[in-house]
Amino acid sequence: MEKRKVRNNIRKLRFLHNEMTQEQLAEAVGVTRQTINAIESAKYAPSLELAFRIALVFGAPLEEVFSYTSEEDSTG
């Protein structure tokens, strides 16, 4: 069975949004900075609700923020 992983572009999107900090994003979506750090580093997959809240902060479609790919397909 192929292993899959939730990937994200949060770090890039934070940079593009006035270099938003993890703390600022965390406050905007109602979680801790540590949660944002864990999501960014792909150590934690957010709930669907949290994923949508993060996408709303960036004004981006969910697919622009998160993707679900096989580890073989990823480049890092």
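View 1. Leaving aside neighbours within four places in sequence, Ala42 is in contact with Lys5 and Val6, where contact means heavy atoms within 4.5 Å. This is a predicted model, in which local features need pLDDT of at least 70 and side-chain atom pairs count only at pLDDT 80 or more, while totals for chains, interfaces and linings use all residues. Residues are numbered from 1 along each chain as its sequence is written, and side-chain values use heavy atoms, with hydrogens and water left out. Ala42 and Lys5 are 37 residues apart along the chain, and their C-alpha atoms are separated by 7.9 Å. Ala42 lies in the loop between H3 and H4; helices (H or I, at least four residues) and strands (E, at least two) are DSSP runs, numbered from the N terminus. Ala42 follows H3 and has a positive phi, near 60°. With a relative accessible area of 22%, Ala42 is partly exposed; buried means under 20% relative accessible area, exposed over 50%, and partly exposed in between (1.4 Å probe, protein chains only).

**View 2. The buried residues of helix H3.** Ile36, Ala38, Ile39 and Glu40 are the buried residues of H3. They pack against strand S1 (4-8), H1, H2, H4 and S2.

**View 3. The packing of H2 on H3.** Two packed helices are described by the angle between their axes and the distance between the axes. For H2 and H3 the angle is about 105° and the axes are 8 Å apart. Axes are lines fitted to C-alpha atoms, for helices over the stretch in contact, and angles run from 0 to 180 degrees between N-to-C directions. H2 and H3 are therefore roughly perpendicular to each other, a term for angles of 65 to 115 degrees (under 35 is roughly parallel, over 145 roughly antiparallel, and the rest oblique). H2 contributes Gln22, Glu23, Leu25, Ala26 and Val29 to the contact, and H3 contributes Arg33, Ile36, Asn37 and Glu40. By class, the contact has four nonpolar, two polar and three charged residues. Ala, Val, Leu, Ile, Met, Phe, Trp, Tyr, Cys and Pro count as nonpolar, Asp, Glu, Lys and Arg as charged, and the others, Gly among them, as polar.

**View 4. The salt bridge between Glu40 and Arg14.** A search of the whole structure finds two salt bridges, each a side-chain nitrogen of Lys or Arg within 4 Å of a carboxyl oxygen of Asp or Glu. In the pair formed by Glu40 and Arg14, the closest N and O atoms are 2.5 Å apart. This pair links distant parts of the chain, with Glu40 in helix H3 and Arg14 in helix H1, 26 residues apart. Glu40 counts as buried at 18% relative accessibility, and Arg14 counts as buried at 11%.

**View 5. The salt bridge between Arg53 and Glu49.** The side chains of Arg53 and Glu49 meet at 2.9 Å, N to O. Because they are four residues apart in helix H4, about one helical turn separates them. Arg53 is partly exposed, at 29% relative accessibility, whereas Glu49 is exposed, with a relative accessible area of 54%.

**View 6. The two faces of helix H4.** Leu50, Ala51, Ile54, Ala55 and Phe58 are the buried residues of H4 (residues 48-58). Seen down the helix axis, they fall within an arc of 140°, so they line one face of H4; the arc is that of the directions from the helix axis to the C-beta atoms. Their cover includes helices H1 (10-16), H2 (22-29), H3 (33-40) and H5 (62-65), and strand S2 (66-70). The face turned away from the buried side carries the exposed residues Leu48, Glu49 and Leu56. Gly59 follows H4 and has a positive phi, near 65°.
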